[in-house]
Amino acid sequence: MNKRQLLHATAAAAVLCMAAATHAQDFPPKKPVTLVVGFAPGGAADAAARLIAKKLGEDVGQTVIVDNKAGAGGNIAHQYVAHGPTDGSMLLFGSIGPLTIAPHVMKVGYDPFKDLAAVSGGVNFPNVLVVHKGLGVKDLAEFVALSKKKPGSVDFASTGAGSASHLAGELFNQRANIDMVHVPYKGGAPALQDLLGQRIASYFSAPPTALPHVEAGNVIPLATTGLTRPAYMPNIPTVAESGYLGFEALNWYAFVAPGKTSVAILERWNQAIVKVLADPGVKEALNKHGLTPQPTTRAQLTDFMKREDAKWSAIVRERKITAN
């Protein structure tokens, strides 16, 4: 090959590489986008994902399909997406448990910080600590006093070992220096049913699950677990303002993608998702579900996940929590 032919070949190769790169970073992808959710249809995560997916599809001009892959507390969905397509056609509505708790209590088939890539924060909401009326306490101070008076006799329900509600209870055990006994359930409905039947003393519940029973006077709310009171529970103090400064145990969902997705595509998805979460109609609809939008940059989400990971891994070690 002479010099002229070599130059032509090099130029052609460069054009092909540029074309391939452009194609690899097509946005939106030239096929329907899948938003994977790790929980069954009908819950808060599914409702939020469908709300956001509809507006997201309208904004980017591409169909966004919600795919529910329930099981193992959301871990199945996270593993599925960790090994999914990297062309921008797959996103995950990831959650606190599989992203920052589960890897410390069980073997999972993915590394949240290597096999998944941060896109944007999604939504968050606190838990609310509720007790049955027969327990004889009306505020958090009385609840702690009872737990200290009878160590190991006060129990709390959660939606499963290693779940956000479980870790909220263990964090409170640590901060209040008490020893509540953890009782895991397979979901919020059976946990609440046993609380109403006074077979369990307390439950760190998702507010939408507990609120109807709070309003009916069937259970007593003691405190919420965010740093501020949610708008739909303005008269219920937070754990932090009840004497445990800085206490925070939020449920949160965030958008992530397969780890090898290009930065260019991740940034484009970040821009699109942040725009959706700032939309007044979307914000209002999410608020009606008790969900607070939490849009972030990709770097902000990564930093947030690292802080959560450090907090919960420390609790897992200290409290010797396992998935069993």
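## Confidence, cores and local geometry of a predicted chain

Visitor: What is the mean pLDDT of the chain?
Guide: Residues with a pLDDT of 70 or more make up 92% of the chain. Averaged over the chain, pLDDT is 91.

Visitor: What share of the residues of the chain count as buried?
Guide: The chain has an accessible surface of about 14,900 Å², with 55% of it belonging to carbon and sulfur atoms. Its C-alpha atoms fill a box of roughly 90 × 40 × 30 Å along the principal axes. Among the 324 residues, the share that counts as buried is 49%.

Visitor: How many residues does the largest nonpolar core have?
Guide: In soluble globular proteins, nonpolar side chains tend to be buried together. In this chain, L116, L140, F143, F172, M180, Y244 and W312 have the most contacts inside the largest nonpolar core. Apart from it lies another core, of 32 residues, with A48, F93, L286 and L291 among them. The number of residues in the largest nonpolar core is 49.

Visitor: Leaving aside neighbours within four places in sequence, which residues does F143 contact?
Guide: F143 is listed with the residues that have the most contacts inside the largest nonpolar core. Beyond four places in sequence, its contacts are L129, V131, L135, V137, V154, F172, M180, S202 and L222.

Visitor: Which residues of helix 4 are buried?
Guide: Helix 4 spans residues 96-105 and is mostly covered, with 8 of its 10 residues buried. The elements against which these buried residues pack are helix 3, strand 3, strand 4, helix 6, strand 10 and helix 11. The buried residues themselves are I96, G97, P98, L99, T100, I101, A102 and V105.

Visitor: Is V36 buried or exposed?
Guide: V36 lies in strand 1, and beyond four places in sequence it is in contact with D67, K69, A77, Y80, V81, M90, L91, L92 and F93. Because its relative accessibility is 0%, V36 counts as buried.

Visitor: How far apart in space are the C-alpha atoms of V81 and L91?
Guide: V81 belongs to helix 3 and is buried, with a relative accessible area of 0%. Not counting residues up to four places away in sequence, V81 touches V36, M90, L91, L92, L116, A257 and P258. V81 and L91 are 10 residues apart in sequence, and their C-alpha separation is 7.3 Å.

Visitor: Leaving aside neighbours within four places in sequence, which residues does M305 contact?
Guide: M305 lies in helix 11 and is buried, with a relative accessible area of 3%. The C-alpha atoms of M305 and F204 are 101 residues apart along the chain and separated by 22 Å. Beyond four places in sequence, the contacts of M305 are L99, T100, P112, F113 and W252.

Visitor: What is the omega of the cis peptide bond from F27 to P28?
Guide: P28 is placed in the loop between helix 1 (3-24) and strand 1 (33-37). The peptide bond joining F27 to P28 is cis, and its omega is near -5°.

Visitor: What phi does A72 have?
Guide: A72 is found in the loop between strand 2 (64-68) and helix 3. Although A72 is not a glycine, its phi is positive, at about 55°.

Visitor: Is K320 buried or exposed?
Guide: K320 sits in the segment after helix 11 and has a positive phi of about 55° although it is not a glycine. The cut-off for exposed is over 50% relative accessible area. Because its relative accessibility is 69%, K320 counts as exposed.

Visitor: How far apart are the mean positions of the positive and negative charges of the chain?
Guide: The chain has 31 positive and 24 negative charges. The distance between their mean positions is 4 Å.

Key
Residues are numbered from 1 along each chain as its sequence is written. This is a predicted model: local features need pLDDT of at least 70, side-chain atom pairs count only at pLDDT 80 or more; totals for chains, interfaces and linings use all residues. Side-chain values use heavy atoms; hydrogens and water are left out. A nonpolar core is a set of buried Ala, Val, Leu, Ile, Met, Phe, Trp, Tyr and Cys residues joined through side-chain atoms within 4.5 Å. Buried means under 20% relative accessible area, exposed over 50%, partly exposed in between (1.4 Å probe, protein chains only). Contact means heavy atoms within 4.5 Å. pLDDT is the predictor's confidence in each residue, from 0 to 100. Accessible areas come from the Shrake-Rupley method with a 1.4 Å probe; for residues, only the protein chains shown count as cover. Lys and Arg count as positive and Asp and Glu as negative; His and the chain ends are not counted. The place of a charge is taken as NZ of Lys, CZ of Arg, CG of Asp or CD of Glu. Helices (H or I, at least four residues) and strands (E, at least two) are DSSP runs, numbered from the N terminus.
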